[in-house]
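My notes follow in the order I looked things up.

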Amino acid sequence: MAVSSAVKCAKAESGCAKDAPQCKKCGKAASISLRYMNADLCQSHFVKMFEDRVKRTVRQFCMLKKGDRVAVGLSGGKDSTVCLHMLHKISKSLPFELFAITIDEGIAGYRNATLDVAKRECKKLGIPLTVVSFHKEFGSTLDKLLKKKGRERSCSFCGVMRRYALNKYARKLGATKIAIGHNSDDVAQTVFMNFMRNEPERLGRFGPLAGAVEDEAFVLRIKPLFTTPERDVAAYAMMKGIEIEFSECPYAALAFRQQVRKMLNSMEEKYPGTKLRIVKAFLSQNRLMLDGAKFRIEKAGKAGERGNVNKCASCGEPSSGKICNLCAILERN
Ligand code: SF4
């Protein structure tokens with residue numbers, strides 16, 4: 001769904017001012033129609049509902065505690081920027097430190113624009129920002145690497161490199177948590193992608209708190225927007241005057257995720273609420289899986305047996321194999 005259509009004037013949708021939808025809460029003219037919850041809301045009730053839901057998700061999954069040092073993985077896109085704003089808001093009542101890390105992959109014609117947004121939004125909120133570039137960290141931009149390796153696997157390569165750099169620098173900067181701007185659309189897509197690829201073990205590690213593999217080298221990831229639809233994130237950003245950069249990564253169209261996204265959006269159009277129902281189904285299934293894992297650990301009597309974490313023989317970062325995925329991509333063995 002196009003971000004620009006996120007805030008649809010409910011009045012315009014009805015086509016008739018007389019029948020203009022009213023806010024379910026206060027009866028004033030509605031600003032947004034939320035088909036997944038069969039409700040129209042005015043701007044102030046939408047903003048309240050949005051913020052309450054994010055705070056509830058943070059509480060429900062015990063994402064934050066007093067004294068945490070949280071690194072926001074800030075791309076400058078709408079999701080991570082809204083995530084930064086929400087955490088900044090929460091940090092006023094639950095004191096924890098907040099800073100941001102932006103990964104510059106070196107994607108010509110795309111990343112510079114979002115990087116500028118990240119810098120401006122951090123400045124606005126007084127949040128320190130560290131920029132880590134692929135070029136400095138790995139000796140090559142993503143563009144150059146893909147020229148050598150082919151564009152087909154752009155997102156898998158980029159994902160491995162980004163996760164590595166984010167984890168490494170968050171750890172270096174003393175973060176106790178990394179906050180990621182994944183919204184509920186991303187979650188529904190990831191669940192489907194894992195089913196389609198028959199990768200249940202990946203799904204076992206996925207969740208609102210990611211880091212089922214317990215090792216001090218991994219900084220725990222939290223996802224405050226886990227139960228928030230993408231369209232709501234865009235609407236909130238617009239209503240709150242948060243800068244949004246609309247450009248899209250040139251490699252995104254090649255990604256398998258894009259096909260799954262289209263499929264789920266078309267299902268959502270026909271059956272509103274589909275994506276959130278997938279997230280809920282995943283969460284109940286995930287709890288069963290985690291309970292099962294806990295049971296197996298307790299039975300084995302070894303709390304550290306959840307993941308098989310070695311150190312990569314090439315870079316020393318955590319890895320499930322002898323050589324980590326990153327060093328395999330960069331052929332550093
Ligand atoms: Fe990287 Fe793919 Fe995202 Fe582009 S769309 S930034 S290549 S993960």
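Predicted model: local features only at pLDDT ≥ 70, side-chain atom pairs only at ≥ 80, totals over all residues.

**Helix α2 and its partners**

I began with α2 and helix α10 (residues 230-239), which pack at an angle of about 125° with their axes 10 Å apart. That angle makes α2 oblique to α10. I checked the hand next: α2 passes α10 in a left-handed crossing.

Which residues of α2 and α10 meet? From α2 I listed Q43, F46, V47, M49, F50, E51 and R53. From α10 I listed D232, V233, A235, Y236 and M239. Sorted by class, the residues of this contact of α2 with α10 give 8 nonpolar, 1 polar and 3 charged.

Then I turned to the packing of α2 (residues 43-60) with helix α3 (residues 78-90). Their angle is about 75°, and their axes are 11 Å apart. Angles of 65 to 115 degrees count as roughly perpendicular, so α2 and α3 are roughly perpendicular to each other. On the α2 side, the contact is made by F50, E51, V54, K55 and V58. On the α3 side, I found V82, M86, K89 and I90. I noted 6 nonpolar, no polar and 3 charged residues in the contact of α2 with α3.

I also saw F50 and E51 in both lists: they meet α10, and they take part in the contact with α3.

**The sheet**

Next I traced the strands. How many strands form the open sheet, and in what order? I found 6, in the order β5-β4-β3-β6-β8-β7, with mixed pairing. The edge strands are β5 (129-133) and β7 (209-210), and each pairs on one side only.

I looked at one pair in detail. Strand β3 (residues 69-73) and strand β6 (residues 177-179) run parallel and are joined by 3 bridges. Here A71 stands opposite I178 in β6.

**Helices across the sheet**

Which strands does α3 lie across? I recorded β3, β4 (97-104) and β6, with α3 running at about 160° to β3. Helix α4 (residues 111-125) lies across β4 and β5. I put its direction at about 165° to β4.

**Around the ligand**

Last, I looked up what surrounds the ligand. The residues are E105, I107, L142, C155, C158, C249, Y251 and A252. By class, I have 7 nonpolar, no polar and 1 charged residues in this shell.

Terms used:
Residues numbered from 1 in each chain as written. Heavy atoms only, no water. Near = heavy atom within 4 Å. Nonpolar A, V, L, I, M, F, W, Y, C, P; charged D, E, K, R; others polar. Axes fitted to C-alpha atoms, helices over the stretch in contact; angles between N-to-C directions. Helix = DSSP H or I, 4+ residues; strand = E, 2+ residues; numbered from the N terminus. Parallel < 35°, antiparallel > 145°, perpendicular 65-115°, else oblique. Contact = heavy atoms within 4.5 Å. Pairing = 2+ DSSP bridges. Left-handed = near helix turned anticlockwise from the far one by under 90°.
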